[in-house]
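Good morning, and thank you for making time for this item. Please keep the sequence and the structure in view as I speak.

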Amino acid sequence: MSSNPVARRRPTHRKGRPTLTRESVGRAALDFLDHHGPAELTMRSLAADLGVSPRALYNYVEDRRDLLTVAAELFESEWRPPELESGRWRESLRSYCRALRAHYRSHPGMTTLALTENITMARHPTMLRNVDALIGFFEAAGLSLQDAYRACMETIRLVAGFVELQDIVYDRPPAHVNPADLAQLPPPWLRPKDPEDSEEPKGSGSSSASEDSEGSESSKPVGDLPHLARLGELEPDSPDTLFAFSLDILVEGIAARAAHPGE
């Protein structure tokens, strides 16, 4: 017999269900967010999704905040950016941003959730190395160290903000958004309000005489809107087209800053 006993492996399944670990619970939280809104992620709802009791989850995470921290760390650890090449930094930065956008879209809402829940403990080593490399990339492109840090943060803000404010409306339209509205230019929320759409029924008598004579600000005619009106003659932009425009602004802004450092 060998003097070195064979290490026992933890079973991957028990009674037909995956064996829980701290990592698998965090992974389940990420998967849950792929199909549900951030507010729906609770210890109870995740336990129901996994087919276990809420008490079982507390063996691996302390509470919902700890659960979100594990999920955020997994999210950060999965980001494998393309190689940054300072010799062709413009196209390299565009490729980096497109890949980062795809990463954020793979788990929509995770970034906003981490910010709103103040998940400050999720500082995975992979994330720190990626941020450090991006700062070095901008410094090699001609920016000062301080501007390189600013450019790094602006890049992350641009991509994360675009995904959370623009892409998410297309990827997961809210219940109140009609998908047909997304194909209009300008969209309905940039058009004057139709008086017939007023929620208050006519003749309700709820307004005072002074209110009736002056009217609310939102009910007053807005006058001519020549530029918004002309948008109706154009084809609506796709999210990809809008993102490419945003990248052009970012890249050219960084190029101008690198050409005149210190200003």
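This is a predicted model: local features need pLDDT of at least 70, side-chain atom pairs count only at pLDDT 80 or more; totals for chains, interfaces and linings use all residues.

Aspartate 66 counts as buried, its relative accessibility being 14%. Aspartate 66 belongs to helix α4, which covers residues 64-77. What does the side chain of aspartate 66 join in a polar contact? The partner is the side chain of arginine 22, at 2.9 Å. Leaving out residues up to four places away in sequence, aspartate 66 touches Arg22, Tyr60 and Val61.

The protein chain holds eleven helices and two strands. Of its 263 residues, 31% count as buried. Among contacts with a separation of 6 or more, 71% are between residues 24 or more positions apart.

Which residues of helix α2 are buried? They are Met43, Ser45, Leu46 and Ala47. These buried residues pack against α1 (22-33), α3 (54-57) and α4. After α2 comes glycine 51, with a positive phi near 75°.

Next is the loop between α4 and α5, where leucine 84 is found. Leucine 84 has a relative accessible area of 22% and is therefore partly exposed, the cut-off for buried being under 20%. Setting aside residues up to four places away in sequence, leucine 84 touches Ser92, Tyr96, Ala133, Leu134 and Phe137.

Helix α5, residues 89-106, packs with helix α7, residues 125-140, at an angle of about 155°, and the axes are 12 Å apart. That angle makes α5 roughly antiparallel to α7, because angles over 145 degrees are classed in that way. The crossing of α5 past α7 is left-handed. On the α5 side the residues are Trp89, Ser92, Leu93 and Tyr96, and they meet Asn130, Leu134, Phe137 and Phe138 of α7. What is the division of this contact into nonpolar, polar and charged residues? There are six nonpolar residues, two polar and no charged.

Aspartate 167 lies in helix α8, residues 145-171. Is aspartate 167 buried or exposed? Aspartate 167 is buried, at a relative accessible area of 1%. Its side chain joins that of arginine 101 through a polar contact of 2.8 Å. Beyond its neighbours within four places in sequence, aspartate 167 is in contact with Arg101, Arg105, Phe162 and Pro239.

Helix α11, residues 239-259, packs with α8 at an angle of about 170°, and their axes are 11 Å apart. The two helices, α8 and α11, are therefore roughly antiparallel to each other. From α8 the contact includes Asp147, Arg150, Glu154, Leu158, Phe162 and Asp167. From α11 it includes Pro239, Leu242, Phe243, Leu247, Leu250 and Arg257. By class, the contact of α8 with α11 has eleven nonpolar, three polar and five charged residues.

Two further places deserve a remark. Proline 186 is in the loop between α8 and α9 (209-214). Which form does the peptide bond from leucine 185 to proline 186 take? That bond is cis, with omega near -10°.

The other place is helix α10, residues 226-231, which contains alanine 229. Alanine 229 is exposed, at a relative accessible area of 55%. Alanine 229 and arginine 191 stand 38 residues apart in sequence and 8.6 Å apart in space, C-alpha to C-alpha.

Aspartate 66 has its polar contact with arginine 22, and aspartate 167 has its own with arginine 101. Thank you for your attention.

Technical notes: Residues are numbered from 1 along each chain as its sequence is written. Side-chain values use heavy atoms; hydrogens and water are left out. Axes are lines fitted to C-alpha atoms, for helices over the stretch in contact, and angles run from 0 to 180 degrees between N-to-C directions. Helices (H or I, at least four residues) and strands (E, at least two) are DSSP runs, numbered from the N terminus. Angles under 35 degrees count as roughly parallel, over 145 as roughly antiparallel, 65 to 115 as roughly perpendicular and the rest as oblique. A crossing is left-handed if the near helix is turned anticlockwise from the far one by less than a right angle, and right-handed if clockwise. Contact means heavy atoms within 4.5 Å. Ala, Val, Leu, Ile, Met, Phe, Trp, Tyr, Cys and Pro count as nonpolar, Asp, Glu, Lys and Arg as charged, and the others, Gly among them, as polar. Buried means under 20% relative accessible area, exposed over 50%, partly exposed in between (1.4 Å probe, protein chains only). A polar contact is a pair of N or O atoms within 3.5 Å; within protein, one must be able to donate a hydrogen and the other to accept it, and residues adjacent in sequence count only if both atoms are side-chain atoms.
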